[in-house]
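Please read this note with the model open beside you, and check each point against it as you go.

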Amino acid sequence: MTSETITAEAAGTWKLGDLSVNRIGFGAMRLTGSAAFHLGTPSDRARSVTVLRRALELGVNHIDTAAFYFSSLRSANELINSALAPYPDDLVIVTKVGPYRDYAGEWGTPARPDQLRGQVEENLRQLGRDHLDVVNLRRMRQDSIAEHFGALAELREAGLIRHLGISGVEPRHLAEAQAIAPVVCVQNQYGLHSPDTWADEMLRMCGEQGIAFVPFFAIAGEGGARGSSGSEDHEISAVARAHEATPAQVRLAWTLQQGPHVLAIPGTGNPDHLAANVAAGALRLTAGELARLDAAYRHGG
């Protein structure tokens, strides 16, 4: 694949509420360092700014971020603000609230419902905006999300948030949230690395209801915030060779071909990896290849 000549438009589009986005977006988590949070070494600031600007040049108009995406020296939201403000009219910035990290980078007690306004306002301040396009409530092991989601629905009514989503949820949480306010997207971990019954069901439910399903760690897999381990399944490697593509591109292509409502938000701090990730939106796997990869998925990647 000739990555540099392919733009995000090749993946097609979907809507987050009334906001149209290309199905290949960009996740900001890895902008801050060699691994997310304080797990690696801080990134080169100029390089991260270059990656963000190049993403827009490649047609990316959907960026996923959070105020708790920071390393010892870098903040994803600050980088986005510095690199891209004033923001293009078609750029959709999605953030999330719920988790909490202190300034030393340590994880603290997740936000109570009455603390979510402070988290929303912190995202607004860091991004330099007067409203947030989409805010995802990241469930932090609580059984019910009703009280937390209700607090965000109030902020939506107040004009601080345009649309709402949920993350890290089971199917029952989608119905719980929809009884309070419209849900435009669901973010769950999903990819070829391991089967997940809840994620499969959520993928199906979102497709039936026209809700965007936005997997995270589709490339990193079980490596999660630390990034991909570099080891690959035989079937993935074989399909990649057949297309002269990378295993990461095959993982993204498989993810996107799970349904037209599926969006991808691969993250990177490397300009070359960025171009390759965007180009994966043009990779079309055959029915036979999808069947081989589906079988690998059912057996745990």
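1. Just after helix 7, Glu 244 takes a positive phi of about 50 degrees, and this is a positive value in a residue other than glycine. Glu 244 lies in the loop between helix 7 and helix 8, where helices (H or I, at least four residues) and strands (E, at least two) are DSSP runs that are numbered from the N terminus. At 68% relative accessibility, Glu 244 counts as exposed; here buried means under 20% relative accessible area, exposed means over 50%, and partly exposed lies in between, with a 1.4 Å probe and protein chains only.

2. Please keep in mind that this is a predicted model, in which local features need pLDDT of at least 70 and side-chain atom pairs count only at pLDDT 80 or more, while totals for chains, interfaces and linings use all residues. Residues are numbered from 1 along each chain as its sequence is written, and side-chain values use heavy atoms, with hydrogens and water left out.

3. Helix 7 itself covers residues 234–242, and in this helix Ile 236, Ser 237, Ala 238, Val 239 and Ala 240 are buried. What covers these buried residues includes helix 8 (247–256) and helix 10 (287–298), where contact means heavy atoms within 4.5 Å.

4. A second residue with a positive phi that is not a glycine is Arg 141, whose value is about 70 degrees. Arg 141 lies in the loop between strand 6 and helix 4 (146–157), and at 70% relative accessibility it counts as exposed.

5. Strand 6 (residues 132–138) also deserves a look for Asn 136, which is found in it. Is Asn 136 buried or exposed? Asn 136 is buried, because its relative accessible area is 0%. Leaving aside neighbours within four places in sequence, Asn 136 is in contact with a list of residues that includes Asp 64, Val 94, Thr 95, Gly 165, Ser 167 and Gln 187.

6. Asn 188 is placed in the loop between strand 8 (185–187) and helix 6 (197–209), and it counts as buried because its relative accessibility is 5%. The side chain of Asn 188 reaches the backbone nitrogen of Gly 168 at 2.9 Å; a polar contact is a pair of N or O atoms within 3.5 Å, and within protein one must be able to donate a hydrogen and the other to accept it, while residues adjacent in sequence count only if both atoms are side-chain atoms. Asn 188 and Val 97 are 91 residues apart in sequence, and their C-alpha atoms are 14 Å apart in space.

7. Ser 71 sits in the loop between strand 4 (62–64) and helix 2 (76–84), and with 7% relative accessibility it counts as buried. A polar atom of the side chain of Ser 71 lies 3.0 Å from the backbone oxygen of Thr 32. Not counting residues up to four places away in sequence, Ser 71 touches Thr 32, Phe 37, His 38 and Pro 42.

8. The place of Ala 104 is in the loop between strand 5 (92–97) and helix 3 (116–127), and Ala 104 is exposed, with a relative accessible area of 52%. Although Ala 104 and Ser 72 are 32 residues apart in sequence, they are 7.5 Å apart in space, C-alpha to C-alpha.

9. The peptide bond that joins Ala 85 and Pro 86 is cis, with omega of about -5 degrees. Pro 86 is found in the loop between helix 2 and strand 5.

10. For the chain as a whole, there are 10 helices and 9 strands, and 55% of the 301 residues count as buried. A compact globule with 301 residues would have a radius of gyration near 19 Å, and the protein chain, with 18 Å, agrees with this; the radius is taken over C-alpha atoms, and the globule rule is 2.2 Å times the number of residues to the power 0.38. Among contacts between residues at least 6 apart in sequence, 75% join residues at least 24 apart.
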